[in-house]
Amino acid sequence: MKVTIAAFFHAYENSVLVYLLALNTIYFILVLVGFLELIRCRYIALDRAKLGSIERSNLLPPISILAPAFNEMASIRDSVRAMLNLRYPEFEVIVINDGSKDQTLRELIVEFHLYKSARYFDSTLKTARLRGIYESMDPIRLVVVDKENGGKADALNAGINVAQYPLICAVDADSILEEESLLKVVGPFLEWPGEVLAVGGIVRIANGCTVSGGRIENIDLPKSWIARFQVVEYLRAFLGGRVAFSSFNCMLIISGAFGLFQKAAVLAVGGYSTKTVGEDMELIARLQQWARRQKKKQKIVFQPDPVCWTEAPESLKVLKRQRRRWQRGTIESLWAHRAMFGRPRFGALGLFAFPYFVLFEMFGPVVELTGYLITMIGLLLGFFGTREAFLFFCAAVLYGMVLSTASVILEELTMRRYPKVRNLLILVLAGILESLGFRQVLAFSRAYAFVEIFKGNKSWGNMERKGFQGTVAS
Amino acid sequence: MYRAFYSRYWQFFSGSWVVLIFGIYISTVVAASELFAGVIDPFVRYMLAFIAVQAAILVLLILCLVLWKISLTRREMESLSRAVQFRELMAGLVVGEAQEGKVLGMARKYPREFLEMAGEALRSLKGSARERMESLVLKSQPYSDLFRPGSLHTTRQALQSLSLLPLLGKTDLESALESGLSHPSPVVRLATQITSLRCGSRNTRLKVHDAIPRLPFWERIRIYMQFPNDTVLVAEFLENALYSSNDDEVLCALEFIISHEKLVTIPVPDSLADSLNPEIRIKYYKAFHLYSSHDSTLSVLRKGLTDDDWRVRAMSARACGLVKLHALIPQLLGMVSQARTSTEARRAAKALVALGGEAHRQLLNLQLTSQEQVHRIIAEAVEQEILVEMEAAR
């Protein structure tokens with residue numbers, strides 16, 4: 001009996017090792033592809049910049065920026081001001097106050113001299129009841145939609161109804177877009193007119209940066225290690241993974257914090273789904289499915305250059321809650337679009353991206369955790385020696401460390417946002433330390449998302465924000 | 001590497017590169033497993049090799065990163081200080097205080113900084129000081145290197161020479177433009193086209209005119225933005241394009257007009273309102289207020305208001321407001337109350353508000369008798385006008 005159990009333990013541990021190897025090998029390849037694409041993007045962008053800006057051209061498609069806000073009183077003024085200061089010939093900012101319980105609406109009315117307007121809109125997408133639409137008496141293109149609470153997806157749908165322009169840019173109201181973000185993110189729509197359905201930009205962490213008047217004045221790293229770990233995580237995810245997925249035209253996610261969409265396409269697929277907390281991923285999956293069914297040459301693209309800065313949670317409790325929600329969103333979206341799994345008719349999306357997300361993003365945390373658990377139990381029961389357990393641990397964490405360091409190198413070779421040598425060393429250290437505890441804690445939270453799904457939890461949970469004033473708290 | 005970035009075989013190139021690196025990586029792990037030949041279990045042996053390679057890569061990556069950052073920071077500082085040195089030397093040379101030989105010697109060593117500062121100086125200086133600077137540049141090694149066979153093949157060098165050459169008279173310009181137009185990089189080709197329009201010969205300009213409709217949209221946007229403010233050149237371009245039988249050329253002309261937002265002095269053919277291409281009709285009406293007035297305005301706009309495509313109808317309604325055409329008030333009112341899409345109804349309502357007077361009065365009457373949707377559309381249009389007036393009063 002003992003022999004059988006020991007054999008099971010060995011077999012399971014080896015399977016987890018093979019799984020981790022496969023996962024990290026895919027990451028390795030994604031980082032390599034990302035590296036080449038980023039270098040290419042950087043040089044092409046630099047060359048194009050030498051031709052002068054296009055920001056005054058009337059031919060650029062106008063954009064409606066949609067910013068859903070729920071209890072964002074602390075940061076809403078700075079965020080809206082930053083959005084209004086964006087460099088782009090024609091755009092409107094639509095803030096959707098999703099039934100905030102704090103003074104978000106009041107702040108906006110006072111700061112931007114809003115009045116209740118008679119703006120007309122078609123209620124193409126069903127949403128919670130609208131209480132009113134406000135516009136500014138100043139010569140600024142700001143619209144505030146006040147509605148009853150219905151969740152982020154519902155707020156975005158209300159924004160889409162009110163939007164007047166052919167492109168819609170979904171951003172988080174607690175984020176700050178860089179001045180040239182719109183000019184950069186619209187690039188693919190100009191490069192392949194009529195073919196691009198959506199473009200995502202990179203999201204970076206603003207904790208530690210100095211913010212003034214809705215602008216990032218000085219880039220620095222956060223002081224909290226939890227936020228530093230997230231800086232590395234974001235770099236790895238955006239610069240490695242998404243660049244590569246985009247180059248294979250099989251993007252399955254565009255961050256809800258910053259994405260530009262063709263309004264007609266979003267309306268054609270019925271807008272954001274209110275049934276999931278991962279509305280950003282679900283919309284992209286639906287757009288991909290729709291595009292493949294249309295049999296038209298269409299793209300969903302990731303652009304590494306346009307930057308959106310966001311405030312990352314610094315408390316482990318809030319972070320775990322956020323990751324559980326993200327994981328629930330991933331599971332729900334993948335389940336809703338399971339028809340794409342392994343289907344050749346969806347090309348690289350069905351054969352590579354979708355299985356990757358299911359096997360590694362959805363089940364990854366569960367497999368990793370059970371691997372650790374089996375090793376520990378096996379060690380306690382004497383099925384493994386310390387050498388085997390140590391080997392398992394090294395193999396599980398070392399590859400992650402290498403990839404984190406590689407993404408810091410990617411950042412340095414391409415975007416170079418962190419000016420000091422010290423910054424890079426801290427990031428490398430964060431990349432190493434992240435694998436020694438932090439990743440495992442988050443894996444546990446992500447795995448717990450399965451339990452929440454079985455329990456039928458649909459809540460967003462509370463995200464405490466400190467706002468952008470001076471140096472973003474860390 | 002530059003050529004690979006712009007090559008249409010990029011995907012193949014990057015794919016091969018990834019396979020190669022991955023192959024090297026696997027081979028290293030296999031080779032490293034020999035170090036652990038004493039371990040009997042192959043799984044454990046390869047695992048040890050894998051861990052050893054990972055650890056080595058990690059250390060190597062960190063070392064490379066730190067060394068790269070330190071050297072980059074140092075190089076940037078040095079480059080900055082050299083640029084300042086060049087600026088001072090050039091200023092000295094202009095007032096006759098520095099030796100030309102010293103500047104040329106430094107230019108040979110640091111061509112990039114020299115060309116950058118020389119370009120800056122040529123753009124800001126005038127008169128004899130500029131002439132002195134021009135002769136310095138023409139004598140310098142970096143300048144002659146720009147025209148060494150093959151030097152234009154690098155995108156950066158090509159862009160640098162294209163920005164410098166127009167500042168230095170026309171000696172080598174034409175030959176550079178010729179080679180720039182056939183450059184493999186689209187960015188260089190576009191920069192050459194822009195430079196050709198600004199200071200190329202008539203022949204090169206005509207070549208560029210012909211090429212515009214074949215350019216991708218983003219390149220066309222850039223070229224319109226950089227189009228020189230030369231009325232003869234603009235008229236020549238518009239005349240050729242607007243009367244062409246090729247839809248792409250007509251579209252380019254209309255895009256140009258929309259992009260520049262300036263009155264067009266040459267007559268624009270009314271026949272564009274009958275084009276089979278809806279994009280042409282939309283753009284034609286979008287830019288309608290920029291054409292010099294002609295007798296057929298009323299009939300052309302009437303045609304636009306009854307077009308099959310709602311986007312054309314919406315643009316025609318907008319044009320009615322912008323050209324203040326009161327004769328079409330009944331049609332616009334009909335559009336507000338019966339339009340098939342809210343966009344055209346809104347455009348019509350705004351046009352009526354812009355027309356003011358009788359049109360405005362009739363619109364308000366319509367609001368009193370209309371259903372909710374029309375009522376809201378009119379309210380929005382009137383409100384917008386009040387805001388515009390308030391802003392103007394401020």
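Me: What places Arg293(A) in a helix, and which one?
Reply: Arg293(A) sits in helix H9 of chain A, which covers residues 279-294. A helix here is a DSSP run of H or I with at least four residues, a strand is a run of E with at least two, and both are numbered from the N terminus. The model is a predicted one, where local features need pLDDT of at least 70, side-chain atom pairs count only at pLDDT 80 or more, and totals for chains, interfaces and linings use all residues. Residues are numbered from 1 along each chain as its sequence is written, chains are lettered from A and ligands numbered from 1 in the order in which they are written, and side-chain values use heavy atoms, with hydrogens and water left out.

Me: Why is Arg293(A) called partly exposed?
Reply: Its relative accessible area is 46%. Buried means under 20%, exposed over 50% and partly exposed in between, with a 1.4 Å probe and protein chains only, so Arg293(A) falls in the middle class.

Me: Which residues make up the positive surface patch with Arg293(A)?
Reply: Lys295(A), Arg343(A) and Arg345(A) form the patch together with Arg293(A). Patch members have over 30% relative accessible area and no salt bridge; like charges are joined within 9 Å, and nonpolar side chains within 5 Å.

Me: What does Ala170(A) touch, leaving aside its neighbours within four places in sequence?
Reply: Its contacts (heavy atoms within 4.5 Å) include Leu66(A), Leu156(A), Phe258(A) and Tyr272(A).

Me: What makes Glu107(A) and Arg77(A) a salt bridge?
Reply: In these two side chains, N and O are 3.0 Å apart. The criterion is a side-chain nitrogen of Lys or Arg within 4 Å of a carboxyl oxygen of Asp or Glu, so the pair qualifies. Glu107(A) is in helix H3 and Arg77(A) in helix H2 of chain A, 30 residues apart. Glu107(A) is partly exposed at 22%, and Arg77(A) is partly exposed at 36%.

Me: Why do Arg313(B) and Glu344(B) tie together parts of chain B?
Reply: Their side chains meet in a salt bridge of 2.7 Å, N to O. Arg313(B) lies in helix H17 and Glu344(B) in helix H19, so the bridge ties parts 31 residues apart in sequence.

Me: Are Arg313(B) and Glu344(B) buried or exposed?
Reply: Arg313(B) has a relative accessible area of 5%, so it is buried. Glu344(B), at 1%, counts as buried too.

Me: What joins Glu55(A), Arg87(A), Glu180(A), Lys184(A) and Asp305(A)?
Reply: Salt bridges that share partners join these residues into one network.

Definitions and conventions: Areas by Shrake-Rupley, 256 points an atom, 1.4 Å probe, with all protein chains shown as cover. Lys, Arg positive; Asp, Glu negative; His and termini not counted. Charge placed at Lys NZ, Arg CZ, Asp CG, Glu CD.
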